[in-house]
Amino acid sequence: MNDTFNIKRFGWLFKKTLLERPMQIFGFTGLILAIILIAYFICKSQIGFGAAQNISFIWGLAGGGCFLASFVFGYFSSNASGSSYLTLPASHFEKWLCGILIAGVLYPFIFLLFYRIMDAGFVAMYHNSLDPDNPLYKIQYASVYLFSFTGRLATKVYPIYLLLTGVALTGSLYFNKAGFIKTAISFCAVCFGLFALNWLFARVLFENLDGAFPFTYVDVLVGKEVGSIGLPKKMFQIWMYALDYIIPIIFWILAYIRLREKEF
């Protein structure tokens, strides 16, 4: 039998993980979806369909996925559960892959399916509530439509989801207790530190600094006007690609490395 990966052994592990902690996995997922449903309804009533769709999608996918990911490897909150998990007859790669499938495949699939049904239901109710005899019927009808999973906002949220879930998975293995809170604080501290360090270097290089964003651009005062100095287009594309894909992948790999360290 392969010591790294065996499909039958992995199937048993995946099934055990789902059935052993249904409250943490399915319970949290159900809670997240319920909150998103309520948030969609409230935002739709207060600030309109577009904002409701955007807010619920961002927080549901990126925020909910990050929250769930912080519990996937939550076996190490106590020595007993941690030791029991480490002694399971499965490789560390299979355990890591199990967490990846739950946080990176299962949850997005459930959320996107739920979101599509929820969004379609609200949009259909709105369309059915319109008066066909109203002169503005066509304009009102066309103003509300299904949220696009391939639209501009959605394609920006997917990399954020990958990054935050990778950070959450890694943090849950480094912080045994209150992992989500400690990871969030650590991540925010690192981001704040990068912004502060970037500002400091930019301040040294540009006396009339007006603003700066890490590795992207600086704004400088030229008389009474503000001018921007940005990365060359090619370098900007490389940096954005790294930010969207390379850095999230690094965090997912770090989770694997940390899980492997715990087994020794």
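Tutor: A definition is needed before the details: two strands are said to pair if DSSP finds at least two bridges between them. The model under discussion is a predicted one.

To place the sheet, one may begin with the protein as a whole. The protein has 9 helices and 3 strands. Read from the N terminus, the order of its elements is α-α-α-α-α-α-α-α-β-β-β-α. Buried residues account for 34% of the 264 residues.

The strands form an open sheet in the order β1-β2-β3, and the pairing is antiparallel. Strands β1 and β3 (225–230) lie at the edges, and each has a single partner strand, so one side of each is without a neighbour in the sheet. On average, neighbouring strands are turned by 20 degrees against each other, with direction ignored. Helix α8, residues 179–205, packs on this sheet and touches β1 and β2. The direction of helix α8 makes about 140 degrees with that of β1.

The two pairings may now be taken in turn. Strand β1 covers residues 209–213 and strand β2 covers residues 217–222; they pair in the antiparallel sense over 4 bridges. Within this pairing, L209 stands opposite V220 of β2. The two strands form a hairpin, with 3 residues between them. In the turn of that hairpin, F215 has a positive phi of about 60 degrees.

Helix α9, residues 233–262, gives the most to a nonpolar surface patch, with 8 residues. This patch has an area of about 780 Å², and its members include L162, Y241, I250 and L254. Residue L254 lies in helix α9. With a relative accessibility of 32%, L254 counts as partly exposed, because that term covers values between 20% and 50%.

In short, the sheet has the order β1-β2-β3, with helix α8 packed on it.

How values were computed
Residues are numbered from 1 along each chain as its sequence is written. This is a predicted model: local features need pLDDT of at least 70, side-chain atom pairs count only at pLDDT 80 or more; totals for chains, interfaces and linings use all residues. Side-chain values use heavy atoms; hydrogens and water are left out. Patches are made of residues with over 30% relative accessible area and no salt bridge: like charges are joined within 9 Å, nonpolar side chains (Val, Leu, Ile, Met, Phe, Trp, Tyr) within 5 Å. Accessible areas come from the Shrake-Rupley method with a 1.4 Å probe; for residues, only the protein chains shown count as cover. A salt bridge is a side-chain nitrogen of Lys or Arg within 4 Å of a carboxyl oxygen of Asp or Glu. Buried means under 20% relative accessible area, exposed over 50%, partly exposed in between (1.4 Å probe, protein chains only). Axes are lines fitted to C-alpha atoms, for helices over the stretch in contact, and angles run from 0 to 180 degrees between N-to-C directions. Contact means heavy atoms within 4.5 Å.
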